[in-house]
Amino acid sequence: MRRLADSPLIAEHRRVGPAVFAFTSRHGGISRPPYDSLNLGLHVGDAESAVLENRDRVTEVLRAQDRIWVQAQQVHGSGVACVLDEVIVLTCGGLGPSHDYLQYGKADALVTSLPSHLLALFFADCVPVFMVEPTAAVVGLAHAGWRGTARRIATEMLAYVGGEDAPAGRGPERTRVVIGPSVGMCCYEVGWLVMRSVLATIPKERRDERVVRRTAFGRWHLNLARINALQLIEAGVPEARIEIIDRCTCCEKGTFFSVRGEGKVTGRCGAFAWLE
Ligand SMILES: [Zn+2]
């Protein structure tokens, strides 16, 4: 872990039981503005060769060269892709890093019990939700923007990691969660539709000023990270087992990519999860 802590490429990382969660900064890559410099997203208009080099650099820092990189087409939905058994691995250039990878279709959460795999999702303000059930060694990673939050993507993932449908001996009360850097309440202003859709997922008594603040007529500030945490608490995860990394990607746009801070044409940070 010493190398992760020392690397400018990695903004945050946590070891939780048998799993590790890491979130990249925008530093240490080769992409040119406005993707400078560690853009990991292939779908945002950056040069493919630069993104693949950036992905290789991150893979090396994570010491994950021998792991199978797992990614999905992120669509702000509630689909969960599970890699729970050995599956056929695709290897081809142009879509992933230069080693073996597994590309899923539309999904915004990835779950695996295989230490041979590296879960990867990409972010510019949305909420990365990392989850591990230590007893069973199942790890999950979700991408929750307002649509994913409204569709309870974190709870959908919990069903596979440590939910009620999980095998005996596992459960939400043992699941541990880390919520990574995302756009903070300070910078996330929304209109009525978004506010209503997201707040509908948590009980009325939880809708206090730590979650929602009205700032102007028809405008509200939302705390998406906390709302994801509250959804998981409702689903049975103890509050003490949830850590929210309180860093706003928009306030810290010198460290992270931020759509709110820089507009739609920008890079993507990477969130990674794996079992050691
Ligand atoms: Zn902020």
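Predicted model: local features only at pLDDT ≥ 70, side-chain atom pairs only at ≥ 80, totals over all residues.

Trainee: Which other residue has a positive phi without being glycine?

Mentor: Arg-152, with phi near 55 degrees. Arg-152 lies in the loop between H3 and H4.

Trainee: How many C-beta neighbours does Arg-152 have, and what does it count as?

Mentor: There are 19 inside 10 Å, so Arg-152 counts as partly exposed.

Trainee: What about Arg-151?

Mentor: Arg-151 is in the loop between H3 and H4 too. With 19 other C-beta atoms within 10 Å, Arg-151 is partly exposed. Leaving out residues up to four places away in sequence, Arg-151 touches Gly-77 and Ser-78.

Trainee: How far is Arg-151 from Gln-65?

Mentor: Their C-alpha atoms are separated by 34 Å, and the two residues are 86 apart along the chain.

Trainee: On to H4, then. How many of its residues are buried?

Mentor: Eight of its nine, so the helix is mostly covered. Among the buried ones are Ile-153, Glu-156, Met-157, Tyr-160 and Val-161.

Trainee: What do the buried residues of H4 pack against?

Mentor: Quite a list: strands S4 (80-83), S6 (109-112), S8 (127-133) and S9 (138-144), plus helix H3 (146-150) and H6.

Trainee: Let's take H6. At what angle do H4 and H6 pack?

Mentor: Helix H4 (residues 153-161) and helix H6 (residues 224-234) pack at about 40 degrees, and their axes are 8 Å apart. The pair is therefore oblique. As for handedness, H4 passes H6 in a right-handed crossing.

Trainee: Which residues meet there?

Mentor: From H4, Ala-154, Thr-155 and Leu-158; from H6, Asn-228, Gln-231 and Leu-232. Sorted by class, that contact has three nonpolar residues, three polar and no charged ones.

Trainee: Why would residues three or four places apart point the same way?

Mentor: Because an α-helix has 3.6 residues a turn.

Trainee: Which loop holds Pro-34?

Mentor: The loop between strand S2 (19-24) and helix H2 (48-61). Ser-37 is also in the loop between S2 and H2.

Trainee: Last thing, the confidence. What's the mean pLDDT of the protein?

Mentor: The mean is 90, and 91% of the residues reach 70 or more. Residues 88-97 are another matter, with pLDDT below 50.

Trainee: How many contacts does that stretch have in the model?

Mentor: It has 18, beyond near neighbours in sequence.

Trainee: And how should I read coordinates where pLDDT is low?

Mentor: Not in detail.

Notes. Residues numbered from 1 in each chain as written. Axes fitted to C-alpha atoms, helices over the stretch in contact; angles between N-to-C directions. Helix = DSSP H or I, 4+ residues; strand = E, 2+ residues; numbered from the N terminus. Parallel < 35°, antiparallel > 145°, perpendicular 65-115°, else oblique. Left-handed = near helix turned anticlockwise from the far one by under 90°. Contact = placed C-beta atoms within 7 Å. Nonpolar A, V, L, I, M, F, W, Y, C, P; charged D, E, K, R; others polar. pLDDT = per-residue confidence, 0-100. Buried ≥ 20, exposed ≤ 12 C-beta atoms within 10 Å, placed from the backbone.
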